[in-house]
Amino acid sequence: MEIVAQNIDEKFSFSPKLKKQVFIIGIVGIILSIIGILVMNFGGHHGHEAGHVAEHAMAEHHGSADWVKRLFANLWINNLFFTGLSIIGVFFFAVQYVANAGWSVILLRVISSFGRFLPIAGVLMLVVFFFASHDLFHWTHDYLYDEAHPEYDPIIAGKAPFLNTPFYLTRMIAFFTVWSIFAFVLRKNALSEDANGGTKYYRRLVRISVGFLIFFGVSSSISAWDWIMSIDTHWFSTMFGWYVFASWFVSGLAGITLLVVLLKDWGYLKPVTENHLHDLGKFVFAFSIFWTYIWFSQFLLIYYANIPEETVYFWERLKSDYYSKFIFVNLFLNFFFPFLGLMTRDAKRKITFLKIVCVVVLIGHWLDFYLMVTPGTLKELGGLGFLEIGLPMVYLSAFAYVVLSGLSKVALIPKNHPMLEESLYHHT
Amino acid sequence: MEKNKHFITGVFSDHSVLLSAVKKIREKNIKIHEVFTPYPVHHLEDALGYKRSWMPKAAFLFGITGTTCAILMQVLMLGVDWPMIIGGKPFISIPDFVPVSFEMTVLFAAFGMVGTFFFVRDLKPYKVPRVFDRRSTDDKHIVAIDLVANNEKTQDELTSILQESGAEEVNTRNFTDSDNEASFVKYVVDLFSNGVTSSSRSLS
């Protein structure tokens, strides 16, 4: 009860020191990526013998050089991961409004700042697809649909009405445009509420949020089929949309929690108490379990039914010398670690614990996307080297720059939000 | 031996007054028997100095027991006692066991927690609770202080302390042993003669 009146007119300043740190992450990332590419080109053999077999198989498909493929696959993984982080910012923001949530009001600005990366993510996605479509997506080859061609594939040809480049691009552009517009409109209304007050904006935000959630429910699933599931073109899983969404949601929540905790470390967000951190911790904890539930549901059905066209996905991963260990690392980082690490009440209320768990969860879910994309695109040529460490750092630096500079433009706490008081006195 | 209970109760209608009163009373080294509120009052548990419940630890242990039982059950049934080929899988196939193990974990944890709670709080259908003031279910907060446990202070001192800290009324409440005797036989007899809708005793 002692919290009473506090300074709620805080503003985050993106200090030159912090900017420098963000740039250093980016530059180190670029250097590491270049080293990674150089190592792949001049570093001699590939480490595992299976590589050569696969290389011959690939050569027949007139693919790009190995390092180009690996670069494209990595760009794609990071595009997916950071698109997820930013769209979850918008999604979680909308959920707070639709649920009439009071506890999260002082976190809303941090949550919505994630959405600012969305347009950039969309452009990156389009650019990478433009250059890498043939290397990433088997179905983009025209000959698969040509009955006269020896490599005509009736299964893929049957999917042509949905999986064709123009429609695919239309969907991608439409999703990113609509998402970005929603993110912009939600942010703009929230800021008008800050300036003018009253409950008019709150009600409007609830309505817009409902619209966004309906659109997102459909589009997130379709984007998961498009951007990830279509890599393994023959394979399909009805759980996949949920699976990708769960992965996105956990990483987004971990990202939001991490940013809140960091802001508190830097001396901002004073009204955020351990009660708010507790709730964020619960979200990360709960949705880590949700992700595992979805992961396992998909696995168990495929394992049990044992139909070849379904098991191929896990065959590629579990029976591979290289990828099989990652499945278990993935489950450890994304389930056992957050589950045991955040199980107690005290762990969820301590900044150090949250920091460690959130970083691990973010790395874990990056690895999850790595496991979704790499086996299908690179076959046995996948690796975890300098490029895989460097490129996420470049993306992270760009993401952090966009989010933090966006955050510095607005007040950190929505002072005219009708439920601000409830959030200030939040107690769990 | 005298086992009758003597209490003094303070009545509050504002929860912020109640919170500060509880703090003031505890500062004077007076043990508060219990506080009854019509709705959950935040920070009251801090003001009363309650420790965190150990129930989550009990839940964890019950859960672990459930998991162990479930895995043992399935391994013994499907692996040892009556091996059956299901879907061409090994007799002991761990992925198949996960859903059942999960459900048993939840079941054990849930029932175990409810059972533990009933046991620890001594909750049973024929329990006769001490009702300090019926208004605590309506719009008043009641602070109950045990006179025997605070015998270094006189009743008048306690009354004035309660009044100083903002109590609107100060009452005394005495419970005799026979009033609160939890008797299963009495409960059943009452149930048959009065039906479930009426209480087994008069509430004041």
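User: At roughly what angle do the axes of α3(A) and α8(A) cross?

Analyst: First off, this is a predicted model, where local features need pLDDT of at least 70, side-chain atom pairs count only at pLDDT 80 or more, and totals for chains, interfaces and linings use all residues. Helices here are DSSP runs (H or I, at least four residues; strands are E, at least two), numbered from the N terminus. Their axes are lines fitted to C-alpha atoms, for helices over the stretch in contact, and angles run from 0 to 180 degrees between N-to-C directions. The axes of α3(A) and α8(A) come within 8 Å, and they cross at roughly 150°.

User: Is α3(A) roughly parallel or antiparallel to α8(A)?

Analyst: Angles under 35 degrees count as roughly parallel, over 145 as roughly antiparallel, 65 to 115 as roughly perpendicular and the rest as oblique. With a crossing at roughly 150°, α3(A) therefore runs, relative to α8(A), roughly antiparallel.

User: Is the crossing of α3(A) and α8(A) left-handed or right-handed?

Analyst: A crossing is left-handed if the near helix is turned anticlockwise from the far one by less than a right angle, and right-handed if clockwise. By that rule, the α3(A) and α8(A) crossing is left-handed.

User: How many nonpolar residues are in the contact of α3(A) with α8(A)?

Analyst: Residues are numbered from 1 along each chain as its sequence is written, while chains are lettered from A and ligands numbered from 1 in the order in which they are written. Two residues are in contact if their C-beta atoms, placed from the backbone, lie within 7 Å, and the ones making this contact include A:Phe91 and A:Tyr97 of α3(A), with A:Phe212 and A:Trp227 among those of α8(A). Ala, Val, Leu, Ile, Met, Phe, Trp, Tyr, Cys and Pro count as nonpolar, Asp, Glu, Lys and Arg as charged, and the others, Gly among them, as polar. The contact has no charged residues and one polar residue, and its nonpolar count is 13.

User: How far apart do the C-alpha centres of domain 1 of chain B and domain 2 of chain B lie?

Analyst: Chain B has domain 1 (5-52 + 124-194) and domain 2 (55-120). Between their C-alpha centres there are 42 Å.

User: At roughly what angle do the axes of α12 and α14 of chain A cross?

Analyst: Helix α12 (residues 324-341) passes helix α14 (residues 351-378) of chain A with axes that come within 9 Å. The crossing is left-handed, and the contact residues include A:Phe337 in α12(A) and A:Leu367 in α14(A). By class, this contact has 13 nonpolar, five polar and one charged residue. The axes cross at roughly 155°.

User: Is A:Leu144 buried or exposed?

Analyst: A residue is buried if 20 or more other C-beta atoms lie within 10 Å of its own, exposed if 12 or fewer, and partly exposed in between, with C-beta atoms placed from the backbone. A:Leu144 lies in the loop between α5 and α6 (154-158) of chain A and touches, among others, A:Trp139 and A:Ile156. Because it has 20 other C-beta atoms within 10 Å, A:Leu144 is buried.

User: How many C-beta neighbours inside 10 Å does B:Phe108 have?

Analyst: B:Phe108 is in helix α4 (residues 94-120) of chain B. Leaving out residues up to four places away in sequence, B:Phe108 touches B:Phe62, B:Gly63, B:Thr65 and B:Gly66. B:Phe108 counts as buried because its C-beta neighbours inside 10 Å number 21.

User: What is phi of A:Asn306 near?

Analyst: Most residues other than glycine have a negative phi. A:Asn306 sits in the loop between α10 (274-305) and α11 (308-318) of chain A and is exposed, with 11 other C-beta atoms within 10 Å. Phi of A:Asn306 is positive, near 60°.

How values were computed. Domain bounds come from an automatic or database domain assignment.
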